[in-house]
Every structure is written in C-alpha cells, then in structure tokens.
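Please look over the sequence and the structure shown below, and then read the briefing that follows, which goes topic by topic.

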Amino acid sequence: MEKSSKIYVAGHRGMVGSAIVRKLKGEGYNNLLLKTSAELDLRNQAAVEVFFANEKPEYVFLAAAKVGGIMANNTYRADFLYENLMIESNVVHQSYVHKVKKLLFLGSSCIYPKMAPQPLKEEYLLTGQLEETNEPYAIAKIAGIKLCENYRRQYRCDFISAMPTNLYGPNDNYDLNTSHVIPALIRKFHEGKINHSEKVEVWGTGAPLREFLHVDDLADACLFLMLNYSGEQFVNVGFGKEISIRDLAVLIGGIVGFKGEIVFDSSKPDGTPRKLLDVSKLSQLGWKYNIGLEDGLKMVYKSGLRTVI
Ligand code: GDP
C-alpha cells in the first residue's frame, strides 16, 4: 500500500472508522476515499455497485456496521442481522468484482461461543452456542469472516479479517439505551457527579469479565495487518487482560470523581460471562497495544465526553 494508494474507509464517521482515518492520515496516506451513509447507503446493492465502478478503490477497510451495546443488540435483533449482512455482502462482493488489491474486514469478539474456553483462540469459532443477547450481530459478523475466507479460497482475493475485543475511545456512542458499557458508565458517573446523586446504577451483577482496547490501538493494529498479513485465518486484536464490570465501575467512578454509591441492577442482563481474546497470533506477528486502560479512560474522559453530552 503506497501513500498515494486510493484507500476506501467504509464507516469513517464511526468510532473505528474515524480512528483508522486518523491513523492513515497521521502516517501520510493522502488519497482516502470517504462517504457518509447519506452519500452512500452500503445496504443498497445497486448504489454500492455504482460507487465501486466509478471510484475503483485499491484498498478497503470495512469498518461500516450497525453496532451497539447489550440492550441495542437484544432489541434491534432483525436490524443488526439484516443491515450487517447487506453491508458486508455488498462491499466484499464489489471489492472482488472491481479487483480491490486488499480488504480488511472488522469483526467482533462476540463471534465466539458463549462457553468457549478462555482466552479465546481463533480456532474456537463455530465450536458451540452463541451468546443469546447478541446472536444476530454475531451471525452477521461470522458471515463477514466467511465471505473474506471464501472469496480468498475461490477467487484468490487478498481479503483479511481482524476481530477486535470491546473497544472505547473518541467518537463513541453515549446514548444510554444503545451504548456499550464504558461510555455508559462515564456518562452516568459524570452526570451523577454534576447532580450530586447519592447513587449510580450499573447493569447486571458486576461479575462479568471484559477486555477493553483503545480504538487508536485497534487502528494501529489494522494498518499493521494491512501491511503485514495476508492469511486466511482471521486475527484477534485484543489487550490481553480483563477486568470485572464491578472493578471497571470503581475505576471509572474514581477517574470521573463520583463520590456516591455504585448500585448493581441484576434485573438487567449480564451477557456473556467472560470474553478475553487470545492475542498470541497477533503478538507473534509483532504487534502489541500502547494505551493502558486507566490512561485510555482518562484521555477519553478529558477530551471526549464534553463534546457529546
Ligand atoms: P457486551 O460486551 O456485548 O455485553 O456489551 P456491553 O458493553 O453493552 O456490556 C458489557 C457488560 O457491562 C454487560 O455485562 C453489561 O450488563 C454491563 N453494564 C453495566 N452497566 C452498563 C450500562 O450502563 N450500559 C451497558 N451497555 N452495559 C452495562
């Protein structure tokens, strides 16, 4: 990939896509192709066909997706399945038709079976039942992986997939009904501090374990894989360490400066009990994260929040 190569970042307004754009620009890539969803509806097969025929991108980062936290996944189940399947099918197929040199597809760690051994190795895919709350999204992401794998096998397309763990960072979604846990807790604790609330509610039991990676580290890993990896097997992108939701709440409460009580609402779903990626494949390739969780959360709270709420 040359600095002047025509690179299409699908989903550049989202948290992941915008981080990839920041990374590419920072590294001097100067021919980025970006379209908002109003300009190009990636669910529309005919529109995607015309776009690829006219623009002929050389490289594609496929970061466009319908995403959300545990409640959004469980509520908008049909939308998560349909929209993600359409986006992936259209972009991957047109990348094949119009001879894209290389494509990187972004998946998610929720593709793994709910009760798979931990840490999650790439080969555990499709060895058991999925977590119920995000099954439609996971099925769509598994389909995306299989598209890349099989366009490679049948047509020798250089299409690769990266599976990021739970992410956080700039341009996250702070809507409490649809967000992931980190932006939700930052917002809840911040509002709790401002309003001098006695308590803040955290969903579930606090027992689930999650791994979190700053999205700038993910973007760094995506560029690394684009430049250095051309295998059929998708690659986990993780932090390698996990934290309980209870400890995460205490950590975020401390960073924000919330002085009240943290209350757990066990009527809300916990989701999968544990989700830690095995990152040995990526480590062996020579990549590691840069941003620790506490530093990353401080950065996000300092710079990100006030622009959103
Ligand atoms: P998941 O990793 O797909 O389950 O996605 P989430 O980031 O939405 O949730 C992670 C964990 O945090 C789950 O166990 C949630 O129940 C828990 N959690 C606690 N409080 C919240 C909250 O306010 N919002 C969200 N989204 N999750 C929360």
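In this predicted model, Lys23 forms a salt bridge with Asp220, and their closest N and O atoms are 2.9 Å apart; a salt bridge here is a side-chain nitrogen of Lys or Arg within 4 Å of a carboxyl oxygen of Asp or Glu. Because Lys23 lies in helix α1 and Asp220 in helix α7, the pair ties together parts that are 197 residues apart in sequence. Residues are numbered from 1 along each chain as its sequence is written, and side-chain values use heavy atoms, with hydrogens and water left out. Because the model is predicted, local features need pLDDT of at least 70 and side-chain atom pairs count only at pLDDT 80 or more, while totals for chains, interfaces and linings use all residues.

**Salt bridges**

- The structure holds 18 salt bridges, and Side chains of opposite charge can pair when their charged atoms come close.
- Lys23 is partly exposed, with a relative accessible area of 21%, where buried means under 20%, exposed over 50% and partly exposed in between (1.4 Å probe, protein chains only).
- Arg22 forms a salt bridge with Asp216, with the closest N and O atoms 2.7 Å apart, and since Arg22 lies in helix α1 (residues 15-26) and Asp216 in helix α7, this pair ties together parts that are 194 residues apart in sequence.
- Arg22 counts as partly exposed at 35% relative accessibility, and Asp216 counts as partly exposed at 26%.
- Glu55 forms a salt bridge with Lys6, the closest N and O atoms being 3.0 Å apart.
- Lys146, Glu149, Arg153 and Glu232 are linked in a network of salt bridges.

- Helices (H or I, at least four residues) and strands (E, at least two) are DSSP runs, numbered from the N terminus.
- Helix α7 has 14 residues and reaches 20 Å from its first C-alpha to its last, close to the 20 Å expected at 1.5 Å a residue, the expected span being 1.5 Å times one less than the number of residues.
- Of the 14 residues of α7, 10 are buried, so the helix is largely enclosed by the rest of the structure; among them are Leu218, Phe224 and Leu225.
- The largest nonpolar core has 56 residues, and those with the most contacts inside it are Ile20, Leu225 and Leu248; such a core is a set of buried Ala, Val, Leu, Ile, Met, Phe, Trp, Tyr and Cys residues joined through side-chain atoms within 4.5 Å.
- Helix α7 (residues 215-228) gives the largest share of this core, 9 residues.
- Apart from this core lies another, of 40 residues, including Ile87 and Leu120.

**Strand β3**

- Strand β1 (residues 7-10) runs parallel to β3 and is joined to it by 4 bridges, two strands being paired if DSSP finds at least two bridges between them.
- Strand β4 (residues 102-106) also pairs with β3 in the parallel sense over 4 bridges, and Phe61 stands opposite Leu104 in β4.

**Asp278**

- Asp278 is placed in the loop between β13 (274-275) and α9 (280-285), and at 11% relative accessibility this residue counts as buried.
- The side chain of Asp278 makes a polar contact with the side chain of Lys121 (3.1 Å); a polar contact is a pair of N or O atoms within 3.5 Å, where within protein one must be able to donate a hydrogen and the other to accept it, and residues adjacent in sequence count only if both atoms are side-chain atoms.
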